[in-house]
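Student: I am new to this structure and would like a close look at a single part. Could you start with the surroundings of the ligand and go on from there to the helices and sheets?

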Amino acid sequence: MVEDRILACHAIRDVDFTRGENCWLRDARGRRWLDLESGSWSAVLGHAHPRINRALKEGIDRVIHLNVRYPNRSAEEAAERVLAAVGLPDGKCVFLTSGSEAVEFAVQAVRRLTGRPFLATLAHSYLGALGSAGRKDPREWILVEPGLPGSGAGPHLPEGASLDAVGGFVFEPGGGSPDFGRFPPADGVRDLVDRVRENGGFVVSNEVTTGLGRTGLWFGFQHYGIRPDVVALGKALGNGYPVSAVAFSREAARGLEAAGFHHAQSHQNNPLGCAAAREVLDTLREEGWIERGAETGAAFLEGLRQVRDRHPEIRDVRGRGMLLALELDPGCGLDGYGLYERLWERGFVTGYYPAGYPSGTGLRFDPSLTLERENLDRFLEELDGAFRR
Ligand SMILES: Cc1ncc(COP(=O)(O)O)c(C=O)c1O
């Protein structure tokens, strides 16, 4: 039982999780649940991964926090890993604390680099909770229709705006909340990238959700054969510890420094967060979790297909890597929230889309890449049982 002092500005459940171990969460009374959403889709290496916990403990003993004026070795080391991973090895990096900050930083940077007020993004993209990216105000954004359900009426061109004069295209490679396990069509994305580049704009990939193995490759943009100039990372970067990053190509970084782009926050390039980020990137690479997660994701999708074939209440199952969704028939008498509750009772934590959600009702799964096969099988059996009761 938790007390009642946390502002209810989002859904809150009365449970007191006191321990996490890989994909398991345990409450104060010792009851355990298999976490199939890795916190907020963040603990890619599972809760309490020994390497990440060790890096954090050592980081605490070195120095937790420095004035942003003083660069530090942890930030340099994390930047080297991030830049190599995103394919911008001669670029530069900044570290912040949340995905929303990272995307908004990228947005402000691109506006500064180009001096152009308008940016393009896909109409259904989620770009965070803050600033211009969070608002996606049509007076600043051209919202391009990607042809996905629930995503609105078509390209919206604000007065005075043209797709040929945008500062950049902020691409969210899909699958997240508004998309409910669907991904934007590759041809449309590549056309947009080419058009923006030909006209001098920058390409930003918002990899806050899709980055670091979530969709079966290191980054979501790799499914599209494009090379972004700017990449925003969050969530998985700290395996749940709050650290995010924006990586810039050499050209973009030089442009920003030459323009005197100024941004200083208390926890920018924070040594502790950077120690976690460095260790996450090393662990993903050295232990082969991107490939292993892709294999588990394929087995998960195959298992969901088999469950779907037995239960007409399931309209569709889909996904990419370890970002998966199960869509219910809206007329079947069970919505995503109802199914989530049945699974919660059986000891599983999933994401859900309740009845009336624009792109469908059902469940979302974003497990850690470290999910064991036996636990996956156990879940699939219980999912089957949840329909049979
Ligand atoms: C695609 C995408 N971008 C940005 C964000 C914002 O990240 P944060 O919640 O860490 O601020 C999220 C969070 O869910 C996201 O899914």
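Tutor: The shell around the ligand divides into 5 nonpolar, 8 polar and 2 charged residues (Ala, Val, Leu, Ile, Met, Phe, Trp, Tyr, Cys and Pro count as nonpolar, Asp, Glu, Lys and Arg as charged, and the others, Gly among them, as polar). Keep in mind that this is a predicted model: local features need pLDDT of at least 70, side-chain atom pairs count only at pLDDT 80 or more, and totals for chains, interfaces and linings use all residues. Residues are numbered from 1 along each chain as its sequence is written.

Of the 15 residues around the ligand, the nearest are Ser98, Gly99, Ser100, Val208 and Thr209 (near means a C-beta atom, placed from the backbone, within 6 Å). Helix H4, residues 99–114, gives the most to this shell, with 3 residues (helices, H or I of at least four residues, and strands, E of at least two, are DSSP runs numbered from the N terminus).

Now to a sheet. Four strands form an open, antiparallel sheet in the order S11-S12-S15-S14 (strands pair if DSSP finds at least two bridges between them). Its edges are S11 (314–320) and S14 (351–353), each pairing on one side only. From one strand to the next, the twist averages 15 degrees (axes are lines fitted to C-alpha atoms, for helices over the stretch in contact, and angles run from 0 to 180 degrees between N-to-C directions). S11 and S12 (residues 323–328) pair over 6 bridges in the antiparallel sense, and Leu323 in S12 is the bridge partner of Arg320.

Helix H9 (residues 289–310) packs on this sheet and touches S11, S12 and S15 (361–365), its direction making about 175 degrees with that of S11 (contact means C-beta atoms, placed from the backbone, within 7 Å). Helix H10 (residues 336–345) lies across S12, S14 and S15, at about 50 degrees to S15.

Finally, a pair of helices. The axes of H2 (residues 50–62) and H8 (residues 271–286) come within 9 Å and cross at roughly 155 degrees. H2 and H8 are therefore roughly antiparallel to each other (angles under 35 degrees count as roughly parallel, over 145 as roughly antiparallel, 65 to 115 as roughly perpendicular and the rest as oblique). Where they meet, H2 brings residues including Ile52, Ala55 and Leu56, and H8 residues including Leu272, Ala275 and Val280. The residues of this contact divide into 9 nonpolar, 2 polar and 3 charged.

Conventions:
Contact = placed C-beta atoms within 7 Å.
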